[in-house]
Amino acid sequence: MTETGGSSGPEGTETPKPQEDTPTPPQGERSSSPAPEQQWQSPSGATPPPQPPPPSYQSFQPQAPQPNWKVGLGRPGVIPLRPLNLTDILDGAITAMRRYWRMVFGAAAVTAVLTAAINLVGLLLIDTGADLERVRDLGPAATDQELMNQMLSILGGTLASSFITLVATLLGTTVLTGFLTVLMGKAVLGKPVTFKEAMKEATPRLLPLLGLTVLYTLAIMVAAIFCLLPAIIPFTFWALASPAFILERGTVMEAFRRSVKLVSGMFWRVFGILLLATVISSFLASIITLPFSFSAFMSIFGNLDQVYIPSTGDLILQSVGTVVAQTIVGPFTALVTVILYIDQRMRREGMDIELARAAGITPPPPPQAW
């Protein structure tokens, strides 16, 4: 027996004292030391590195498929369905001219021939060449009053012929703009369209479109008379009225208001693109018409004291050059204006989604939170 009252062990040994009882933690609490079976160790006895915690699914957000920026929601037609840059707009106009070349150049040729014919008839009827001959025949002995009378006569004839040219240009521009706007509305979606279908859709809108074009032209002319800078205000703010009138099928005043709304906030961008398209068209037209105005061009290097008087053959040749130039270059500016209208609506109103659905393309769903 030991002093503690326990049984004695073998001889020469002492029975170890029992350890003090470990206090039991209160119910509902757990010991801070992990259980023996949770203390994993490597075979060498080293404690393995801590494992990263499992991912939290509450913070996981599914990634929706993002459309390719180069094509946006797709390119069913001549332009990608996304906000366009300058290259896209110019390329879209050229692509439409190349893909629908029969309809584009056919309509442009018809309107150019009609415009040139009206202009040529006006020039032949007014006959400013006779006034120029009288000025040439006056000689150095003519009085100031005689020169003034002849100059006023030339000015009156020039204004009359210019008015006829303006009327012919407005008529041709109206018909071509209406036709090409309908064509571009189909070309953006990649849908087939025939000449008869496009004209049938555009014809009921041509007469109101002519009134819109007249108001637009008069506003620019009146603003230009007072100062050149204010002329760019109606030129830019109302530039998209024609495509808005054809495609949205509203009234003339609604088309003007829609154009102002679409251009607001992007005035200089719209003005720059329209100005660039006009410069490109004018430059190409001058190159094309130069061979047809050879006589007038060579008169620059002739006797400066002799007044150049174009003959009937010269006027006919110049009209042919105008027809060729308007047929090739005329559709470019109109198509750029329509594409710019569509681009502004895609930027401001999300029209690219509507066009994608109209073309049979399902846009990607918006991302949803779990």
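Where does Arg-249 lie? You'll find Arg-249 in the loop between helix 7 (241–248) and helix 8 (252–263). When I say helix, I mean a DSSP run of H or I with at least four residues, while a strand is a run of E with at least two, and both are numbered from the N terminus. The phi angle of Arg-249 is near 60 degrees, a positive value in a residue other than glycine. Arg-249 counts as partly exposed because its relative accessibility is 46%; buried means under 20% relative accessible area, exposed over 50%, and partly exposed in between, with a 1.4 Å probe and protein chains only.

Before going on, a word about what we are looking at. This is a predicted model, where local features need pLDDT of at least 70 and side-chain atom pairs count only at pLDDT 80 or more, though totals for chains, interfaces and linings use all residues. Residues are numbered from 1 along each chain as its sequence is written, and side-chain values use heavy atoms, leaving out hydrogens and water.

Now the overall picture. The protein chain has 12 helices and 0 strands. Of its 370 residues, 34% are buried. Take the contacts (heavy atoms within 4.5 Å) with a separation of 6 or more: residues 24 or more positions apart account for 72% of them.

Let's step into helix 8. Setting aside neighbours within four places in sequence, Ser-259 is in contact with Phe-237, Trp-238, Ala-239, Leu-240 and Ala-241. Look at Phe-237 in particular: Ser-259 and Phe-237 are 22 residues apart in sequence, and 6.2 Å apart in space, C-alpha to C-alpha.

Arg-257 lies in helix 8 too. Arg-257 counts as exposed because its relative accessible area is 53%. From Arg-257 to Ala-244 is 13 residues in sequence and 9.6 Å in space, C-alpha to C-alpha.

What does helix 8 pack against? Helix 8 and helix 11 pack at an angle of about 65 degrees, with their axes 9 Å apart. Those axes are lines fitted to C-alpha atoms, for helices over the stretch in contact, and angles run from 0 to 180 degrees between N-to-C directions. Helix 8 brings Arg-258, Lys-261, Leu-262 and Val-263 to the contact, and helix 11 brings Tyr-341, Gln-344, Arg-345, Arg-348 and Glu-349.

Helix 11 turns up again in the largest nonpolar core. A nonpolar core is a set of buried Ala, Val, Leu, Ile, Met, Phe, Trp, Tyr and Cys residues joined through side-chain atoms within 4.5 Å. Among the 62 residues of this core, Leu-180, Met-184, Leu-212, Val-336, Ile-342 and Leu-355 touch the most other members. Helix 11 (residues 312–349) gives the most to this core, with 10 residues. Leu-355, not counting residues up to four places away in sequence, touches Leu-81, Val-188, Leu-189, Ile-342 and Met-346. In soluble globular proteins, nonpolar side chains tend to be buried together.

One last stop, in helix 9 (residues 267–289), where we find Ser-281. Ser-281 is buried, because its relative accessible area is 9%. Leaving aside neighbours within four places in sequence, Ser-281 is in contact with Val-329, Phe-332 and Thr-333.
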